[in-house]
Amino acid sequence: MGEKVKPGNIDVHPTEKALVVHYEVEASIRGERGDAVHEERKECQKIIRLKSLNASTDVALLARKVVEECKLIHPSKVAEVEHLLFYLQNRKKPGSKVEWVILKTDKEEKKLMKPRELTPFEGMEIDEEANINKIDEYVELLYENIPEKIRGSTLILHLARNPDNLEELLRNETALGALARVLREDWKQSVELATTIVYVFFCFSSFSQFHGLITHYKIGALCMNIIEHELKRYDLWQDELDKKSKAYILTAVSVCLSDHEKAYKKYQSLLVKQEQLLRVALYLLLNLAEDTRTELKMRNKNIVHLLVKTLDRDSEELLVLVVSFLKKLSIFLENKNDMAELDTVEKLARLVPCEHEDLLNVALRLLLNLSFDTGLRSKMVQVGLLPKLTALLGSESHKQIVMCILYHISIDDRSKSMFAYTDCIPQLMKMVFEHGEERIDSELISFCINLAANKRNAHIICEGNGLKMLMKRALKFKDPLLMKMIRNISQHDGPLKQLFLDYVGDLAAQIGPDEDEEFVIECLGTLANLTIPDLDWELLLREYNLVPYLKDHLKPGNDMAVVAEDDLILEVVIMIGTVSMDDSCAVMLAKSGIIPALIELLNAQQEDDEFVCQIVYVFYQMVFHQATRDVIIKDTQAPAYLIDLMHDKNTEIRKVCDNTLDIIAEYDEEWGRKIQSEKFRWHNSQWLEMVESRQMDEAEPYLYGDDPDGLEQADLFYSTGKSRISNLSL
C-alpha cells in the first residue's frame with residue numbers, strides 16, 4: 001500500500017483569520033508484482049490559523065514562515081500566500097460588512113446607495129457571533145418553536161450579509177430548504193421571523209447569478225402574498241385606530257385617553273415592524289425584476305396596484321423604494337395604463353416637493369415617464385403640480401428633469417395658458433439670457449417655443465425689452481430655434497405684431513442664398529405672420545431685392561446648384577400670400593412671372609394639401625386687385641385649376657376655392673358661366689347617381705321576367721325622373 005499527496009489551491013477562510021490549503025491524497029494497494037491493484041483518491045484540506053495576524057504584521061515575512069512550516073505549499077507560491085495574507089489583513093470582520101445595492105436613478109447614472117432600510121433592525125441583534133462552521137446548529141433551530149426559529153434565521157442572516165459566505169450557503173440545500181419551508185408555513189405568525197428570512201433571500205437577490213435559487217424556492221411569489229396581506233392588515237389597523245379616535249373625541253375622559261394612547265403606541269410599533277418587512281420584500285422583488293419575464297409575472301399578480309397603494313405611507317425610506325419600483329415598471333405601456341387608473345399622479349403630487357432628496361428625485365423621474373401620456377399630463381395640471389414644478393426650476397439638482405416634465409405639459413394647448421399664472425416664464429427668460437455665447441439647451445428652447453405659441457404667454461415674454469433681447473440674440477448667433485420662438489410670438493394678432501415693425505428690415509436682410517436655410521425659413525415665417533396695415537411691403541421688397549429670391553425658390557427640381565427644400569418653398573408661398581395683400585406688391589409679383597411659377601408648383605405638389613391650400617390662398621389674395629385679377633383670369637389657367645379643386649376632399653381647400661371663384665365669377669361673365677355650369681353639373685351628377693341607384697333597386701325584382709308590365713313601369717319611372725331634373729334645371 002502506498003500514498004501520494006498532490007497539493008491543490010490555497011484559499012482564505014470565509015470567516016476566520018486562516019488559510020485553507022486544499023490537497024488530494026491518492027492511496028493505492030499494490031500486487032505481488034508491484035502494480036496497483038486498487039486506487040482511491042480523497043480531497044482534503046488543511047486550515048492554517050493565523051492568530052498573530054494584525055494590522056502591523058509583516059505579511060512578507062509571515063508568508064515565508066508559512067511556506068517553510070507547511071510542506072503542502074510549494075516554495076514557488078510564496079507570492080500567492082503573501083497576497084492572500086494581505087487580503088486577510090485588510091478584510092473586515094464578518095457581520096460588519098454592509099452590502100451595497102445599486103439603485104438606477106438615471107439612464108446614464110448609477111447611484112450607489114447604502115441600504116439604510118436594510119441595515120440591522122430591531123430584533124436582529126444577537127448575543128453571539130455567527131460562524132459558518134456552525135450552520136448545521138442554526139438549521140436545527142429552525143425546527144423548534146418561533147423564538148428559536150427567529151434566533152436560527154437571524155444567525156444565518158448574519159452569515160448571509162457577508163457576500164463571502166453566499167457560495168457556501170448556496171451549497172447547503174438543507175439550510176435554504178428549511179428557511180423557505182419556515183417562511184412558507186410561519187410568516188403569518190411572526191413579522192420578525194418573516195422579515196429575517198426574506199432578508200436572507202434578499203442577500204442572494206443582490207447578485208443576479210443567485211436569482212435562479214430564489215425562483216426555485218418560489219420566494220418571489222411568497223413575497224407578493226406577504227405584501228398583499230400586510231397592506232390589508234394596515235387598512236384594518238387604520239379602521240381600528242379611527243374608531244378609537246372617534247370614541248376618544250366623543251368621551252374625553254381619562255380612561256379613554258389612556259386607551260387611545262395605548263392603541264396609538266401599539267399601532268406605531270406594529271407599523272415600524274411592518275414597514276421593515278415591506279421594505280425588504282419589495283427590495284427583493286425589485287432585484288428580481290431585472291428579468292423582464294419575472295417582471296411580467298409580477299404584473300400579472302397585480303404588483304402595480306400594491307405599489308400604488310403603498311404610496312399612502314409616510315416612511316420616506318419605504319417610499320423611495322416604492323417609487324423607484326414604479327419608475328422601473330412605468331416604461332411599459334400596460335403598467336403605465338394601470339397607474340393611470342389607480343390615480344398615481346394624485347398620490348405623487350404630495351411628494352413634490354419634499355425634504356428627502358432621493359425621494360424627490362425618483363418621484364420627479366416617475367412623473368417624467370408618466371408625462372408622455374396626454375391624459376396624465378392633464379391630470380398633473382389638475383392636481384396642482386404646475387406651480388410646484390415651476391418652483392423647482394431654481395434647483396440645480398432637479399432643474400433638468402423638471403424642465404422636461406414642464407415641456408411635455410406645454411405640448412397641450414389647453415395647458416399652455418396655465419403657465420401665465422406662475423413665475424415660470426420670467427425664470428425661463430433669465431435662463432435664456434444667461435447662456436452667454438453658448439448655444440441654448442435644446443430642452444430650454446423647445447419649452448420656450450411651445451409657450452410662445454400662447455398669446456398670454458407671448459405678452460409676458462415681450463414685457464420690458466423681452467422681444468428686443470430675443471431678437472438681438474437670434475440675429476447675433478443665427479439661432480434657428482430661437483427664431484422659431486420669435487416666429488411663434490409674431491403669429492398673435494393685436495399689439496404684439498406692432499412690436500415687430502422695428503425689426504422687419506433686420507429679418508428681411510437675413511433672406512438670401514448665403515444664409516443657413518433653417519434660419520431663413522424661420523425669418524420668412526416671421527415676416528409672413530406680419531399682416532400689419534402700416535407695413536410698407538413694396539418698399540421692403542425693393543430695398544432688399546426679395547422678388548427674385550422668392551421666384552427662384554418656387555421652382556422645385558430646377559437647374560439651381562442647390563434645390564430648395566419643401567419647407568423653404570412652402571414658407572416662400574406663405575410669404576407671397578401675405579405680401580399679395582398689398583395692391584402694389586401684388587402687381588409687382590404678377591409682372592415678375594410668379595403666377596405661372598405658382599401654377600407649375602401646384603402641379604408638382606398637388607398631393608400635398610398644405611401646398612395646395614397656400615397656393616390657392618395666394619390666388620385668393622390676388623383676385624382682390626384689378627391688375628392681378630386680369631392677369632390671373634386672362635393670361636393664366638389658374639381659374640381652370642381652381643374649378644378642378646372645387647370638390648377637393650380637404651375642407652379648407654374647398655372653402656378657399658369657393659371664395660376665390662365667387663370673386664372671379666363676379667368680375668368675368670365667361671368664367672362665371674363656366675363656374676356656374678360646373679357647380680350645376682356637380683350637383684346634378686350627385687342627383688343622377690342617386691336616381692340611377694334607386695331605379696336599379698326597384699327594377700331588381702323583375703329582372704327575371706316575373707312581371708309582364710315591368711318595361712312599362714321602368715318607362716314610367718324614367719319619365720318621372722326626367723321631369724324632376726327639368727324642374728331642377730328651371
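K478 and E515 pair up through their side chains in a salt bridge, with N and O 3.8 Å apart. K478 sits in the loop between α24 (466–477) and α25 (480–490), while E515 sits in the loop between α27 (504–509) and α28 (517–528), so the bridge ties together parts that are 37 residues apart in sequence. Keep in mind that this is a predicted model. As for accessibility, K478 comes out partly exposed at 31%, and E515 is partly exposed too, at 28%.

Another pair to look at is D314 and R350, a salt bridge whose closest N and O atoms are 3.8 Å apart. This one also links distant parts of the chain, 36 residues apart: D314 is in the loop between α12 (303–310) and α13 (316–329), and R350 is in the loop between α15 (344–349) and α16. D314 counts as exposed, with 63% relative accessibility, whereas R350 is partly exposed at 39%.

Now try D291 and R293, where the closest N and O atoms of the salt bridge are 3.2 Å apart. D291 is partly exposed, at 26% relative accessible area; R293 is exposed, at 61%. Besides pairs, there's a network of salt bridges that links K484, R487, E522 and E571. The structure holds 28 salt bridges.

Time to go inside. The largest nonpolar core has 199 residues, and L364, L428, M485 and L527 are those with the most contacts inside it. Helix α7 (residues 191–205) gives the most to this core, with 11 residues. Apart from this core lies another, of 22 residues, including V25, A63, V67 and L84.

What does L527 touch, leaving out residues up to four places away in sequence? Its contacts are V504, L507, A508, I511, W537, L540, M575 and T578.

Last stop: helix α19 (residues 399–410). Its 12 residues reach 16 Å from the first C-alpha to the last, close to the 16 Å expected at 1.5 Å a residue. Of those 12 residues, 9 are buried, so α19 is largely enclosed by the rest of the structure. The buried ones are I401, V402, M403, C404, I405, L406, H408, I409 and S410. And what do the buried residues of α19 pack against? Their partners are α16 (357–370), α17 (374–382), α18 (385–391), α20 (413–416), α21 (424–433) and α22 (442–452).

Conventions: Residues numbered from 1 in each chain as written. Predicted model: local features only at pLDDT ≥ 70, side-chain atom pairs only at ≥ 80, totals over all residues. Heavy atoms only, no water. Core = buried A, V, L, I, M, F, W, Y, C linked by side-chain atoms within 4.5 Å. Buried < 20%, exposed > 50% of the residue type's maximum accessible area, 1.4 Å probe, protein only. Helix = DSSP H or I, 4+ residues; strand = E, 2+ residues; numbered from the N terminus. Contact = heavy atoms within 4.5 Å. Expected span 1.5 Å × (residues − 1). Salt bridge = Lys/Arg side-chain N within 4 Å of Asp/Glu carboxyl O.
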